[in-house]
Amino acid sequence: SLTLGIVGLPNVGKSTLFNALTNNDVLAANYPFATIEPNVGIVPLPDPRLDKLAEVFGSEKTVPAVVSFVDIAGIVKGASEGAGLGNKFLANIREANAICQVIRVFDDPDVVHVDGVVNPLSDIETINTELILADLQTLEKAIPRLEKEARTRKEARPTLDAATAAKDILDSGKTLFAAGTDVTLLRELSLLTTKPFLYVFNADESVLTDDNRVAELARMVAPADAVFLDAKVESELLELDEESTRELLESVGQTEPGLNALARAGFHTLGLQTYLTAGPKESRAWTIPQGATAPQAAGVIHTDFERGFIKAEVVSYDDLVEAGSMAAAKSAGKVRIEGKDYVMSDGDVVEFRHS
Ligand code: GDP
């Protein structure tokens, strides 16, 4: 499954956030036999539609989609120079599908900032620079080899051109993702700056309640997703009941746990979407890549379903809830039969027919 790697400068609240991410029981409840690496935190994607479906179908339980975050050893300036921890850091990032950077915007004289002051833009640039330098090293190593190949095989020329173009972009200080570079030909190089970023601003109440400041920070990282939360509060929430949770969130100007927003943003950054199934046993959200077809979606439940795919019976969540039951939705003509080329949309409630 796809993961987001959590990175950030020292003392920005990564561990605090990661503890909040690992301290939920979604896995124990739904995947009792799963073993999880100690550096992986899994959060449910909040989906109020599941409770409603469970009501309509009398489901025994609901199973949400989940988003996985991997805690990556702290980055330091100079990671790209390769000293011990630096190498491990870069190797861990290579394995993640997207990068979740935690940025400190809380003020606390007791918590030292590595650079002496809280400066979100400079934190972002520090991480970007390390990744850009690492990619430049990779390209500088690859280009002479690609040049040699291009001299003997003209089919190798486009790859060399792509590598040179990528190097120019990185030299200008931009990441390949931000520049929208086509890196299809460079896949074997596993370049780090091709990964999408998600930014988590670890803030205190004074920032969280300041709409202008929040908008300004969100603009700073756009079009990447930005999430604003107080990591310390998030870790405290896990101990509280619903009532106290609401009170604590209200006191910092929030209407829902920041982890909910983080799960949604993580899902979006990874390019994922869900579809739904429902029955007496469970109402469940299944994770698929955006743009997945019906057979691919069926394959997420079981590979046999993809191989033996015949058709999908699909009703949109809204139509189903309005009709009040599957039978009513059928007689209202709201249940469609879709074939193997059908592209799934978010909110599809599906039953697959397979051989
Ligand atoms: P890491 O080095 O990025 O993993 O940072 P930690 O999670 O260890 O946090 C560093 C220090 O900052 C710890 O003392 C935390 O308790 C504190 N801290 C983390 N998040 C917050 C926050 O939102 N507000 C305040 N005031 N302190 C925080």
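Two residues are in contact here if their C-beta atoms, placed from the backbone, lie within 7 Å. The model is predicted: local features need pLDDT of at least 70, side-chain atom pairs count only at pLDDT 80 or more, and totals for chains, interfaces and linings use all residues. Residue numbers start from 1 along each chain as its sequence is written.

**Stop 1: I6 and the core**

Select I6. Not counting residues up to four places away in sequence, I6 touches K14, F18, F69, V70, D71, I72, C100 and V102. I6 is also one of the residues with the most contacts inside the largest nonpolar core, along with L4, V200 and F201. That core has 83 residues, and helix α5 (residues 120-152) contributes the largest share, six residues. A nonpolar core is a set of buried Ala, Val, Leu, Ile, Met, Phe, Trp, Tyr and Cys residues joined through C-beta atoms within 7 Å. Buried means 20 or more other C-beta atoms within 10 Å of the residue's own, exposed means 12 or fewer, and partly exposed is in between, with C-beta atoms placed from the backbone. Helices (H or I, at least four residues) and strands (E, at least two) are DSSP runs, numbered from the N terminus.

**Stop 2: strand β5**

Select residues 98-104, strand β5. Seven of the seven residues are buried, so β5 is largely enclosed by the rest of the structure. Both faces are covered: A98, C100, V102 and R104 lie on one side, and I99, Q101 and I103 on the other.

Strand β1 (residues 3-7) runs parallel to β5 over four bridges, and I6 has C100 as its bridge partner in β5. Strand β6 (residues 197-202) also pairs with β5 in the parallel sense, over six bridges. There, V102 stands opposite V200 of β6.

**Stop 3: the ligand shell**

The shell holds 16 residues, and the closest are G13, K14, S15, T16 and D108. Helices α1 (14-22) and α10 (231-237) each supply at least two shell residues; α1 gives the most, with three. By type, the shell has five nonpolar, six polar and five charged residues. In this count Ala, Val, Leu, Ile, Met, Phe, Trp, Tyr, Cys and Pro are nonpolar, Asp, Glu, Lys and Arg are charged, and the others, Gly among them, are polar.

**Stop 4: backbone details in loops**

Select N11, in the loop between β1 and α1. Its phi is near 65°, a positive value in a residue other than glycine. N11 counts as partly exposed because it has 14 C-beta neighbours inside 10 Å.

Move to the loop between α7 and β6, which holds S190. Phi of S190 is near 45°, again positive in a residue other than glycine. In the loop between α7 (176-179) and β6, also select V183. V183 is partly exposed, with 18 other C-beta atoms within 10 Å. Leaving aside neighbours within four places in sequence, V183 is in contact with A166, L176, L191 and T194. V183 and A166 are 17 residues apart in sequence and 8.1 Å apart in space, C-alpha to C-alpha.

Next, select A222 and P223, joined by a cis peptide bond with omega of about 5°. P223 sits in the loop between α9 (211-221) and β7 (225-229).

**Stop 5: residues 271-354**

Finally, select residues 271-354, where an unreviewed UniProt entry places the feature "domain: TGS". UniProt positions follow the numbering used here, feature names are shortened, and annotations may be inferred rather than shown by experiment. The end C-alpha atoms of this span lie 27 Å apart, and the span is 31% helix and 39% strand.

Conventions. A residue is near a molecule or strand if its C-beta atom, placed from the backbone, lies within 6 Å of it. Two strands pair if DSSP finds at least two bridges between them.
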